[in-house]
Amino acid sequence: MAGLSIENINKRFGETEVLKAVSLDIADGEFVSLVGPSGCGKSTLLRIIAGLETQTSGDVRIDGTTVAGRRAADRNLSMVFQSYALYPHLSVGENIAVPLKMRRMNSLQRLPLLGGLLPGTGRRASEIGKDVVQAAEMLEIAHLLDRKPGQLSGGQRQRVALGRALVRDPAAFLLDEPLSNLDAKLRVQTRAEIAQLHRRLQATFVYVTHDQVEAMTMSDRIAVMMGGRILQCASPETVYDDPDRIEVAEFIGSPKINLLPVELSETGQIHLFGHVLPLTTNRRTRGVASLGLRPEALHLAGEDAPIQGRVVHCENLGSEMFIQIEVMGLEPRITFRAPSDKRASLTLGTSVGLTFDMAKALIFDATGARLREISPTRAPKAVVA
Ligand SMILES: Nc1ncnc2c1ncn2[C@@H]1O[C@H](COP(=O)(O)OP(=O)(O)OP(=O)(O)O)[C@@H](O)[C@H]1O
Ligand SMILES: [Mg+2]
């Protein structure tokens with residue numbers, strides 16, 4: 001296994017700049033997800049690492065060695081695609097064996113009839129057979145080895161594709177939305193299996209997805225991409241609790257983060273709906289900003305609380321309940337998690353006051369950059385201005 005280093009990659013398709021100065025170091029054995037909205041350049045970056053696409057400038061290194069000019073086949077990376085890309089006329093076992101045959105047998109030995117007569121073919125074939133069975137057992141598809149892909153479910157097909165990637169013992173695994181063709185239940189199950197597989201193999205994984213839940217649950221680190229750039233690459237906890245930019249805060253988390261308009265004064269005060277928050281910023285310029293609050297950072301409070309609204313929607317997920325309130329003069333609704341003993345009383349139309357943990361307040365300036373130089377002021381609670 002090996003670490004990967006992506007150094008200042010730029011990619012243009014004609015006039016379109018698809019990747020802009022992308023740099024990322026992935027440690028040996030690390031699981032890194034590339035997440036971001038459709039079209040942000042995730043697959044292009046993965047294909048450049050794999051050698052299926054050529055960058056306009058920049059370098060890719062595997063274990064410190066540049067792979068510039070090395071063909072995809074010579075990079076020893078295993079790629080798994082959304083579409084599985086299985087050979088329909090070959091059995092599951094033969095599909096998994098393909099990369100091993102390509103590697104361990106010459107073109108004559110691979111011939112279906114004649115190959116068997118050549119010296120050494122039998123021994124190689126039996127070694128390959130053993131490796132195929134081992135990979136199939138690890139993925140619990142050993143009982144399916146004789147079937148054709150057409151006789152398998154979507155989840156089983158995806159496991160065959162994983163098995164084919166697995167047998168090669170590659171320097172790293174590159175996966176491009178491997179679960180997006182599966183139904184919701186199977187996705188959750190296969191997600192756990194891939195995470196287990198990663199732990200067992202201790203291999204380097206680069207995993208592309210536009211599903212932030214997948215990225216949050218599987219990764220050591222998440223690289224959040226937008227518009228061809230990596231905005232932040234950090235642990236799931238960090239991108240959730242401590243985002244660098246408003247776009248990262250908005251993309252990560254379900255339900256989404258609440259964003260409320262605030263005003264900054266030249267004295268460093270922060271005003272929310274006419275309330276002065278007990279927070280001070282070092283930025284002493286007047287201007288508008290956004291206050292980001294995760295649903296769990298909000299708490300029920302009285303009529304003097306800074307946020308006042310009316311319940312317009314209750315979303316009961318069983319284990320927890322999210323309440324949406326409408327605040328007068330504010331376009332987006334505000335979502336908070338209902339405490340279990342208050343669920344019954346939070347019916348449609350109820351008036352609600354909300355306050356929040358000041359330590360969890362995220363302030364973003366007008367350009368979307370996080371304002372980090374925030375400190376609590378002396379007053380312990382929000383007070384009416
Ligand atoms: N061969 C190509 N020629 C021209 N433009 C391309 C080509 N491949 C990708 N693009 C463009 O590059 C941008 C990034 O594409 P890419 O496939 O990397 O996005 P993505 O993040 O993987 O999106 P998705 O989540 O939809 O798979 C898109 O705007 C796409 O239209
Ligand atoms: Mg893609």
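Reader: Which polar backbone atom's residue is 3.0 Å from an oxygen atom of ligand 1?

Author: The residue is Gly41, whose polar backbone atom is 3.0 Å from an oxygen atom of ligand 1; a polar contact is a pair of N or O atoms within 3.5 Å. This is a predicted model, in which local features need pLDDT of at least 70 and side-chain atom pairs count only at pLDDT 80 or more, while totals for chains, interfaces and linings use all residues. Residues are numbered from 1 along each chain as its sequence is written, chains are lettered from A and ligands numbered from 1 in the order in which they are written, and side-chain values use heavy atoms, with hydrogens and water left out.

A backbone N or O atom of Gly39 lies 2.8 Å from an oxygen atom of ligand 1. In the side chain of Lys42, an N or O atom is 2.8 Å from an oxygen atom of ligand 1. Of the 640 Å² of accessible area that ligand 1 has on its own, the protein covers 56% (Shrake-Rupley method, 1.4 Å probe).

The residues surrounding ligand 1, each with a heavy atom within 4 Å of it, include Phe13, Val18, Ser43, Thr44 and Glu177. Helix α1 (residues 42-50) gives the largest share of this shell, three residues; helices are DSSP runs of H or I with at least four residues, and strands are runs of E with at least two. Helix α1 also lies across β3, β6, β7, β8 and β9, where contact means heavy atoms within 4.5 Å.

How values were computed
A polar contact is a pair of N or O atoms within 3.5 Å; within protein, one must be able to donate a hydrogen and the other to accept it, and residues adjacent in sequence count only if both atoms are side-chain atoms. Axes are lines fitted to C-alpha atoms, for helices over the stretch in contact, and angles run from 0 to 180 degrees between N-to-C directions.
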